[in-house]
Amino acid sequence: MCTYSRVSPLAAVAVLTLMALPVLVASAQLPTYGVGRAPAAEEIAAWDLTIPPDGEGLPAGSGTVAMGKALYLERCASCHGDDGLDKKYYRLVGGRGTLATAKPVPTVGSFWQYATTLWSYMRRSKPIDEPGSFSTDQVYAVTAYLLYMNDIIGKNDVLDEKMLVRIRMLNRDGYVPDPRSDGNSSWAGAYR
Ligand code: HEC
């Protein structure tokens, strides 16, 4: 009944190897499918928004805590609460000293490792209903307000690209290399 039963195991291995060969060759060459086109440099730039921890690529700009507060109340408070303490979506303020307890409260102040990647996250992902629509100065301002609410910068500070890279977050040294991967990423995302 079964026609494959007559094929010797050795022959089967040989056939499978031959079948796999074009795939191996193709993947080495990266296949083309004849659709689409190469993206233009400005199209790549529009998506290439991630700022690494060292702040490389941060655009020049600035924002005050006061500007950030106005933006926050308008675009963020409905979900995170006026003072960043609303648990409905994600608490943004407080939680210091709780990470190693039975009830950790991860927030911008207690948990985030870099101010630069917070800035990057604000630029890419917020406001949640219109991600990427903030101007550079608005991103600085809203980041300033988050840092101010967490007692990391002062009320009258003006956050710009130079100050941002100098900020040392409370949990800066709290991350460990992830043993499950290549050792370069941290728990819960390398860019927090
Ligand atoms: C419609 C609801 C909503 C609005 C409005 C909103 N957020 Fe969020 N936010 C969320 C949700 C849900 C998450 C968690 C999911 C995620 O990471 O995207 C989150 C996550 C975050 C985090 C990450 C928290 C952490 O520790 O990982 C920060 C910081 C943040 N929001 C700040 C803001 C700021 C600043 C604004 C305004 C510019 C804003 N959010 C507007 C719903 C909202």
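Here is a quick tour of the core, a helix pair and the ligand surroundings in this structure. Keep in mind that the model is predicted.

Let's start inside. The largest nonpolar core holds 31 residues, and L118, V142, A144, Y145 and L146 have the most contacts within it. Three helices, α3 (65–75), α5 (115–125) and α6 (136–149), each give two or more residues to this core. The largest share is from α6, which puts in ten residues. As a bit of background, nonpolar side chains in soluble globular proteins tend to be buried together.

Now for how two of those helices meet. The axes of α3 and α6 come within 7 Å and cross at roughly 95°, so α3 sits roughly perpendicular to α6. On the α3 side, the meeting residues are V65, M67, G68, K69, L71 and Y72, while α6 brings Q138, A141, V142, A144, Y145 and Y148. Y145 is worth a look here: leaving aside residues up to four places away in sequence, Y145 touches V65, G68, K69 and Y72.

What about the ligand? There are 18 residues around the ligand, and C76, C79, Y89, Y90 and K126 come nearest. Helices α3, α4 (77–80) and α6 each supply at least two residues of this shell, with α4 giving the most, three residues.

The table sets out both groups by residue class.

| Shell around the ligand | 13 residues | three residues | two residues |

Definitions and conventions: Residues are numbered from 1 along each chain as its sequence is written. This is a predicted model: local features need pLDDT of at least 70, side-chain atom pairs count only at pLDDT 80 or more; totals for chains, interfaces and linings use all residues. A nonpolar core is a set of buried Ala, Val, Leu, Ile, Met, Phe, Trp, Tyr and Cys residues joined through C-beta atoms within 7 Å. A residue is buried if 20 or more other C-beta atoms lie within 10 Å of its own, exposed if 12 or fewer, and partly exposed in between; C-beta atoms are placed from the backbone. Helices (H or I, at least four residues) and strands (E, at least two) are DSSP runs, numbered from the N terminus. Two residues are in contact if their C-beta atoms, placed from the backbone, lie within 7 Å. Axes are lines fitted to C-alpha atoms, for helices over the stretch in contact, and angles run from 0 to 180 degrees between N-to-C directions. Angles under 35 degrees count as roughly parallel, over 145 as roughly antiparallel, 65 to 115 as roughly perpendicular and the rest as oblique. A residue is near a molecule or strand if its C-beta atom, placed from the backbone, lies within 6 Å of it. Ala, Val, Leu, Ile, Met, Phe, Trp, Tyr, Cys and Pro count as nonpolar, Asp, Glu, Lys and Arg as charged, and the others, Gly among them, as polar.
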